[in-house]
Amino acid sequence: MQLKIFKDYAALSAAAASEIIDLVKNKPNAVLCLASGETPKLTCILAVERAINEKIDFSNITFIGLDEWVGIPPDNDGSCHHFFDTLFIRPLNLPDSQVHLFDGLSGNLQQEVKAMDELIAKKGGIDLVIVGIGMNGHIGFNEPGVSFDLYSHVIDLDEITVTGGQKYFKQATVLKQGITLGLKHLMESKKAILMANSSKKAEVIRKAVKDKVSNELPATIMQQHKNGFVMVDEDAGSLLK
Ligand code: PGA
């Protein structure tokens, strides 16, 4: 794993957007997996802007959404689906055939999990995954205590995720479970980037980078990724110097 510290959120986001653009330029049929959330928001906006301005062909990529809240409809503003749709899929005109998002409303979540794992295997794995980090050190919905050996799965949400997750919703929302890619997918991805910005993430980033690798802080697994990057702004990286 390598650590990269950027001046501010804008510089961090521009660098992450460049990773997406460079990938698709070099490998038009790339498999790209993004997280939703506040952290990757500007990355998505800048990547879409560059894709359009520089006429980069996204028509052969495969797009995968990292995770979804179980029981939350796709048109709910707080769903991951809504985030991807608004900030990436629609602006780039990606047809359904290129887009793979978990359906949090599915009556058969195990089938969702199986379909995602089969798709990723069939595509030969993920080329680039860009994730954020939760205040409890989760990646996607890989919550503290999760097995490092899991591919996609359904998981009970940690209390910190339930409380912190309210920020995405217009009104108080019952959040109990998530459906998520597993850390095995992260570790098998050809390149993994964990991004964080703002001083509120400084302590969890310090732990993720410096603490012993343990499933009690799932993001520590990034330390073992052969082509893994932790990219932070100066505020989130302030305890690393
Ligand atoms: P955030 O979420 O980007 O909204 O801070 C990160 C996460 O919980 O994984």
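A polar contact is a pair of N or O atoms within 3.5 Å. Keep that cut-off in your head as we walk through this structure, which is a predicted model.

Now try Tyr168: here the distance from a ligand oxygen to a side-chain N or O atom is 2.5 Å. How much of the ligand does the protein bury? On its own the ligand exposes 290 Å², and 88% of that is buried by the protein.

Next, look at who else is standing around. The shell around the ligand includes Gly37, Glu38 and Thr39, then Gly132, Ile133 and Gly134, and also His138, Lys167, Tyr168 and Lys201. Sort that shell by class and you get two nonpolar, five polar and three charged residues.

So where does the ligand sit? The space it takes is the largest pocket. That pocket has a volume of about 770 Å³. It is lined by 37 residues, and the ones closest to its centre are Ser36, Gly37, Glu38, Lys167 and Tyr168.

H3 gives the most to the lining of the largest pocket, namely five residues. By class, the lining of the largest pocket has 13 nonpolar, 17 polar and seven charged residues.

There is another pocket to visit. The second largest pocket holds about 240 Å³ of space. Of the 15 residues that line it, His100, Leu101, Phe102, Asp103 and Glu112 are the closest to its centre. Two elements give two or more residues to this lining: strand E5 (99-100) and helix H4 (109-122). H4 gives the most to the lining of the second largest pocket, with five residues. And how do the lining residues of the second largest pocket divide by class? Eight are nonpolar, four are polar and three are charged.

Methods
Residues are numbered from 1 along each chain as its sequence is written. This is a predicted model: local features need pLDDT of at least 70, side-chain atom pairs count only at pLDDT 80 or more; totals for chains, interfaces and linings use all residues. Side-chain values use heavy atoms; hydrogens and water are left out. On a 1 Å grid over the protein atoms alone, a cavity is a set of points where a 1.4 Å probe fits but cannot get out, and a pocket is an open set with protein on both sides within 12 Å along at least five of seven lines; lining residues have an atom within 4 Å of a point. Grid points are joined across faces, edges and corners, and a volume is the space filled by probe spheres set on the points. Helices (H or I, at least four residues) and strands (E, at least two) are DSSP runs, numbered from the N terminus. Ala, Val, Leu, Ile, Met, Phe, Trp, Tyr, Cys and Pro count as nonpolar, Asp, Glu, Lys and Arg as charged, and the others, Gly among them, as polar. A residue is near a molecule or strand if one of its heavy atoms lies within 4 Å of it. A polar contact is a pair of N or O atoms within 3.5 Å; within protein, one must be able to donate a hydrogen and the other to accept it, and residues adjacent in sequence count only if both atoms are side-chain atoms. Accessible areas come from the Shrake-Rupley method with a 1.4 Å probe; for residues, only the protein chains shown count as cover. A molecule sits in a cavity or pocket if more than half of its atoms lie within 2 Å of its grid points.
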